[in-house]
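Hello,

Here is the structure I promised to pass on to you. Have a look at it first, and then read my notes below.

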Amino acid sequence: MKIVLLGKNGQVGSNILKKNKDYLFNLFSFSRRELDISNFQDFESKINIIKPDVIVNATAYNFVDLAEENETEAFKVNQDALDFISTFCNKLNIPLIHISTDFVFDGNSSQPYKEDDKVNPLNIYGKSKVGGEDVIKKNLDKHIIIRTSWVFSEIGSNFLKTILKLLETKKSISIVNNQIGSPTSANSISDIIMKILKIYSNNKSLKWGTYHFSGYPYCSWYEFANEISSQYLKFSGSLNCASLVPIDSNSYNSKALRPKNSRLNCSKINKIFGFKQDDWKESLNIIIRNIYEK
């Protein structure tokens, strides 16, 4: 089965590349530099040559604060490009697997969000991702949208990498303690995608639609940072680790508003595919051990 992967250098994309050594799909992978999804002519010419069976979109404009100042660019990548890609996929009958975000919700619910709950993003990034979801749903029946949250890995820019750096360079770190969600390893997301691709390869059909997948248990950013700090100390042996100070989100200087409740209800993906939520603490342990034992 021929698969086109967009965003091969990102957190999820790089993990998909690693996992394909076990799956052995005929994988054609592209970075943003190699294939700019907002360059429609370039995209169409390259994909027409490959004629893939499935396209996996693991690329996005995901700079949440910068999006407040770069609204045009955020919508260009997260919505307009997906409008073209999903229309293109529909014309050639190519299924699309796309990664979305918990930021499509406003966080005002007292419960974990289900797939059919009303979206109401608080920031430009979230609005652009909703726009991308909407055009995919409008243009293409054969799609899988996976909403996830708080993605972390050994590579790229993410909360884990930021905290590890600050633990080594600061005396004190202020961390928001009133925003609750689910840290999710990029490895676990890529594992889900590869398993979905395997099912499609075997059956030539899927239960199309939107699914939530994130790590477990739920926690605050402060609790996430505390776990990072504890595991950092265990593997690094540092005696000069920065202390963590819990603060309210109103005290945190951020350009973009963020939902206070980012918890995702992942029962649907478990019911349909049998996929259970990943224990993010175990994944974190593996990643930090890999970093400090190299």
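This is a predicted model: local features need pLDDT of at least 70, side-chain atom pairs count only at pLDDT 80 or more; totals for chains, interfaces and linings use all residues.

Residues are numbered from 1 along each chain as its sequence is written, and side-chain values use heavy atoms, with hydrogens and water left out.

Six strands make an open sheet with parallel pairing, in the order 2-1-3-4-5-10. Strands here are DSSP runs of E, at least two residues, and helices are runs of H or I, at least four, numbered from the N terminus; two strands pair if DSSP finds at least two bridges between them. Strand 2 (26-30) and strand 10 (209-212) each have a single partner strand, so one side of each lacks a neighbour in the sheet. Strand 1 (residues 2-6) is joined to strand 2 by five bridges, and V4 stands opposite F28.

The whole structure holds nine salt bridges (a side-chain nitrogen of Lys or Arg within 4 Å of a carboxyl oxygen of Asp or Glu). One of them links E133 and R147, with the closest N and O atoms 2.7 Å apart. E133 lies in helix 4 (residues 124-139) and R147 in strand 5 (residues 143-148). E133 is buried at 1% relative accessibility, and R147 is buried with a relative accessible area of 1% (buried means under 20%, with a 1.4 Å probe and protein chains only). Salt bridges with shared partners bring E133, K137 and R147 into one network.

Best wishes

Note on methods: Buried means under 20% relative accessible area, exposed over 50%, partly exposed in between (1.4 Å probe, protein chains only).
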